Amino acid sequence: MNKTNDKLLKTCLLITGILLITGCEPGENLTTDNGFPESFHPGVFIINEGNFVGGNGSVSYLDLIDSKMYNHIFQAINDRSLGDIPQSMYIMDNLGFIVINNSAKIEVINMDDFISVNTIPGFSSPRHFLPVSDSIAYVSDMFSGSISVVNLDDYTITKTIETGMSTEQMIIIDNEVFVANWMSGNKILVINPILGEIIDSIEVIIEPNSMVIDKNQKLWVLCSGGYLNEEMPGILRIDPSTREKEETFRFSVLKSSPSHLCINGSGDTLYFLNNTNLPARRGIFQMSVTDLEIPSEPLVQTEKLFYSIGIDPENGIIYAADAVDYQQKGKVFRYLPNAALKDSFDVDIIPGSFVFNR
Amino acid sequence: MTAYKKIHIDSSIIAEYHTRNLSDLLAENTPLFIKTYGQGGLATSSIRGAGASHTMVTWNGININSPMLGQLDFSLIPVSFLDGAEVFCGAGSIRDYSGALGGSVNLINEPDWNNRLNLELSQEFGSYHSKNSHFSSAFGNSRFQSQTRFFYSAAENNFTFLNTEISQVPVIQERENASFIKSGLIQEFYIRPSSNHFLTARLWYQSNNRHLPEPMVVIPVYGNEKQNDHFLRSQINWKYYSRKVVVSTTTAWQYNFLNYSNRTAGIDSENRTQIITGRVDLSYDLFPELQLNSGVLGDYAYIWTENYLKPAEQKHFSVYFSAEKNIKQRLKINMMARQDIYHGELPPLIPSAGINLKLLKETDIHFKANISKNFHKPTLNDRYWYPGGNPDLNEEKGTSGELSLDYAGNSGGIFLYQTGVTAYRSKIDNWIQWQPGEYGYWEPANLKEVLSKGIESFLSCHVNLTGFSISIGTNWTYTSATNIKPSGSSDMSVDKQLVYVPEHQTNAHIKVKTGGFMIKYSYNYTGKRYISSDNSQFLPSYKLSDLSLSYAYKKGSNRAEINLFIGNVWDIDYQAIAYHPMPGRNYFLNIRYFFMKKASAKSEVRKKIRK
């Protein structure tokens with residue numbers, strides 16, 4: 001065989017190979033774009049916490065229309081670091097509020113182009129952001145023992161609401177704000193945003209770490225039982241109008257650390273993460289709002305420990321984050337509602353939360 | 001010359017660094033990589049890609065690493081408190097302790113028996129409100145020496161830097177929360193009642209107060225994070241020399257108090273450590289060509305800390321034996337073995353063997369080779385930190401081997417040169433790393449397996465002409481340190497360089513002396529360091545240069561010296577740790593006065609006692 005033939009054969013093989021490979025891919029191909037998005041279609045923001053005092057927190061963005069992944073979008077667009085430990089993000093109309101815990105600030109983002117339009121400084125250890133009216137938002141805090149009240153017209157902290165305890169996730173229902181007293185706590189505080197005062201508190205289980213509202217307007221609270229397993233973890237269903245605990249579902253294994261209570265778009269199915277030392281009972285759990293007990297078997301059982309999960313409200317696709325060794329790019333696994341693995345993609349260091357922009 | 005790699009830092013280098021701390025001395029004169037947060041900030045070392053707790057630091061043979069963290073902060077050791085230092089890369093440390101999977105650093109204090117009276121005063125002022133004072137006095141005769149040294153060092157450290165991370169347009173900011181105040185005292189007594197007895201007593205007290213600065217992406221809160229500690233270290237040593245036997249016994253007591261506070265997080269924790277050590281070493285010249293060494297060592301550590309559920313204690317006992325055979329003045333064969341005992345349990349035996357061959361009869365060229373095993377016991381924090389600590393962690397196990405070629409030459413006392421190259425390979429199994437576990441809090445685990453391969457080379461030249469001398473010294477180091485064990489299918493850290501271990505590192509200096517004048521230019525290249533374990537993020541390499549100019553004036557027993565030190569001469573903007581700014585060009589002016597009265601020439605003839 002002469003040289004020309006050899007070359008031709010190789011080219012043919014190469015082309016066939018490419019066709020075979022691309023032909024085998026599932027319908028929806030995810031590609032990673034090294035630049036940054038021109039505009040923001042419906043998509044998912046992934047908040048990568050980065051390492052404590054490592055200053056390497058970042059935001060990744062998955063464009064669900066073009067199926068394109070972008071990493072470090074804040075850095076790429078704003079030409080500076082996002083900060084130390086971005087904790088959560090809240091989308092309010094045209095603005096995004098990224099709470100950066102150890103930088104003790106909030107970056108206010110224009111959602112059309114992701115350009116930071118303002119930085120709100122002056123917090124202590126901020127965790128979550130929640131608007132309570134058109135001009136006022138609350139910011140919970142891990143260490144300060146108070147909630148900061150932010151004026152959304154000029155982005156300043158106008159006052160604080162003393163709680164005397166750590167505050168975490170917040171939810172507004174019927175003009176009342178329910179605040180989880182997570183770290184070393186066991187309460188849900190109820191705040192009237194018009195008065196700006198705590199009007200009630202509901203005792204739950206130790207360390208309520210996440211909350212959702214279901215289709216019946218019931219408040220579901222997931223409690224880890226304390227990070228040293230002081231109490232059996234559990235899930236509570238509360239009627240926010242009466243502030244009565246309607247149901248308390250307990251886990252069956254004390255050495256469990258459930259977290260990340262999420263709900264699907266129709267508000268009838270709960271999801272949460274549970275890490276136990278029993279690999280068979282480790283993974284992503286699914287529970288109907290009508291279930292009478294917590295399922296003992298996970299929907300998605302995993303050898304690895306997922307760090308966080310999120311549920312796409314449109315189609316119920318489960319996003320699960322693997323932080324690997326906490327020093328490298330994390331990986332996101334997507335599961336269909338029936339628990340089948342759909343695909344996976346790389347994000348950045350310690351993917352901690354998913355924010356759906358639908 | 002032994003079969004193991006040892007770098008000796010003598011009193012002349014110590015004198016040049018007398019206002020600085022051990023981290024500067026080691027970074028500029030050895031192949032060690034020093035990871036530093038800047039002046040006054042934590043400085044730890046990595047030897048041959050190993051971790052900070054794999055460097056054992058001993059003070060005249062007594063381990064001074066913190067039993068809680070397993071490491072020592074080099075920034076807390078003032079060079080003015082030392083008379084010398086020796087660095088063992090690799091297995092040479094086994095003779096003193098187990099655990100130094102990377103290597104060890106021994107800090108040396110020793111008497112000058114020719115001294116009669118010595119006074120030294122040194123005052124330095126420098127950039128960022130830095131003040132360094134040093135006072136020492138020594139007196140005695142050929143049978144007794146006392147030396148007292150005191151230092152005080154403080155700095156605001158409020159240098160300006162360009163913060164590129166806090167806003168789109170970079171802003172010039174002043175570094176906050178980086179100030180420190182340190183002071184200490186060291187007292188030594190040396191008694192030589194007869195030529196075969198030698199008694200030593202040393203006491204070292206030091207207090208360190210510092211603020212811990214935030215990374216530049218965090219808006220500083222004044223005085224938010226602080227660390228105050230003080231320690232007392234004491235040791236008594238008795239040596240007995242006979243014609244064939246040397247016996248050395250040491251007892252030591254150490255106390256350390258550390259208070260860490262973080263106002264935002266509501267942390268104000270106290271930690272107290274006490275360690276009592278006893279050690280006996282025996283050296284026996286069985287035949288002129290066979291030397292035997294053996295020793296026993298016991299230490300007891302007691303830790304009281306709010307971070308453990310209850311006070312922790314560690315009982316450790318260790319026995320070693322070594323034999324060195326000399327064949328025809330050309331070949332040395334060395335065998336060592338050490339057995340440790342922790343609370344009655346026996347970790348694996350540590351064996352080591354090495355050779356040193358003089359290749360040519362007339363030339364000072366040596367080939368050295370050694371192999372060894374070693375292990376590192378998990379630190380007390382690894383075992384007892386609450387929550388997370390795991391008492392069932394396995395020891396980190398090391399296996400290493402090295403080959404060296406060393407050459408030294410001398411042209412009629414005018415041109416002296418020394419050069420050497422070492423290649424090594426080492427593996428550390430069960431490498432301990434902390435990461436979040438099942439219950440969300442951080443836990444240590446035997447996660448990695450680290451393979452290190454590398455080359456260390458050095459060259460030093462000295463040209464001595466009448467009234468004029470030039471010295472050049474350089475170290476070039478290549479380190480490949482990779483994790484070879486995946487933690488799961490997503491783990492991309494396999495075969496990637498460890499974080500904060502540069503592959504390439506060089507230091508070099510040139511020094512010219514004439515009359516009382518001295519000019520020294522030093523250069524340091526630190527290659528890129530990865531900051532994520534999959535090597536997707538890194539800090540760029542940097543080249544730093546320092547310039548030092550001094551003039552010394554001597555009259556009789558009096559000597560005065562003035563020195564101008566310019567750090568970071570080319571005003572390089574760099575980061576040693578991600579998002580921790582480092583100072584630009586900085587200046588230090590030092591004035592020193594000495595009064596020295598030595599023994600008369602007649603008594604100087606007396607041989608200096610063998611250490």
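The following dialogue explains how to read several features of a predicted two-chain model.

User: What kind of model is this, and how are its parts numbered?

Analyst: It is a predicted model, in which local features need pLDDT of at least 70 and side-chain atom pairs count only at pLDDT 80 or more, while totals for chains, interfaces and linings use all residues. Residues are numbered from 1 along each chain as its sequence is written, and chains are lettered from A and ligands numbered from 1 in the order in which they are written.

User: How many helices and strands does chain A have?

Analyst: Helices (H or I, at least four residues) and strands (E, at least two) are DSSP runs, numbered from the N terminus. Chain A has two helices and 29 strands. Its radius of gyration is 22 Å, close to the 21 Å that the globule rule gives for 358 residues, so chain A is as compact as a globular protein of that length. That radius is taken over C-alpha atoms, and the globule rule is 2.2 Å times the number of residues to the power 0.38. The C-alpha trace of chain A spans about 90 × 50 × 35 Å along its principal axes.

User: What share of chain A is buried?

Analyst: A residue is buried if 20 or more other C-beta atoms lie within 10 Å of its own, exposed if 12 or fewer, and partly exposed in between; the C-beta atoms are placed from the backbone. By this count, 47% of the 358 residues of chain A are buried.

User: Where does a positive phi occur in a residue other than glycine, and is that residue buried or exposed?

Analyst: One case is A:Ala104, whose phi is near 55°. This residue lies in the loop between strand S6 (95-100) and strand S7 (105-110) of chain A. A:Ala104 counts as buried because it has 26 C-beta neighbours inside 10 Å. Another case is A:Asn175, with phi near 60°, in the loop between strand S13 (170-173) and strand S14 (176-181) of chain A. A:Asn175 is exposed, because 10 other C-beta atoms lie within 10 Å.

User: How should I read a sheet in chain A, and which are its edge strands?

Analyst: Two strands pair if DSSP finds at least two bridges between them. In a regular strand the side chains alternate between the two faces of the sheet. In chain A, four strands form an open sheet in the order S5-S6-S7-S8, with antiparallel pairing. Strand S5 (86-92) and strand S8 (116-120) of chain A are the edge strands, each pairing on one side only. From one strand to the next, the twist averages 20°; axes are lines fitted to C-alpha atoms, for helices over the stretch in contact, and angles run from 0 to 180 degrees between N-to-C directions. S5(A) and S6(A) are antiparallel and joined by six bridges, and A:Tyr90 stands opposite A:Phe97 in S6(A).

User: Which strands form a hairpin in chain A?

Analyst: S27(A) and S28(A) do, with five residues between them, and A:Ala339 in the turn has a positive phi of about 80°. Strand S27 (residues 329-335) runs antiparallel to strand S28 (residues 341-349) of chain A, with six bridges joining them. A:Arg334 has A:Asp343 in S28(A) as its bridge partner.

User: What is the strand order in the five-strand sheet of chain B?

Analyst: This open sheet has the order S1-S6-S7-S4-S5 (chain B), and its pairing is mixed. Strand S1 (6-9) and strand S5 (62-63) of chain B are at the edges, each with a single partner strand, so one side of each is left without a neighbour in the sheet. Strand S4 (residues 55-59) of chain B is joined to S5(B) by two bridges and runs antiparallel to it. B:Thr58 has B:Asn63 in S5(B) as its bridge partner.

User: How many residues of helix H2 in chain B are buried?

Analyst: Eight of the eight residues of helix H2 (residues 22-29) of chain B are buried, and the helix is mostly covered. Among them are B:Leu22, B:Leu25 and B:Asn29.

User: Where is B:Tyr530, and which residues does it touch?

Analyst: B:Tyr530 is in strand S29 (residues 529-530) of chain B. B:Tyr530 is buried, because 22 other C-beta atoms lie within 10 Å. Two residues are in contact if their C-beta atoms, placed from the backbone, lie within 7 Å. Not counting residues up to four places away in sequence, B:Tyr530 touches B:Gln497, B:Val499, B:Asn535, B:Gln537 and B:Phe538.

User: Where is a cis peptide bond found?

Analyst: It joins B:Tyr386 and B:Pro387, with omega about 0°. B:Pro387 is in the loop between helix H3 (380-384) and strand S23 (396-411) of chain B.
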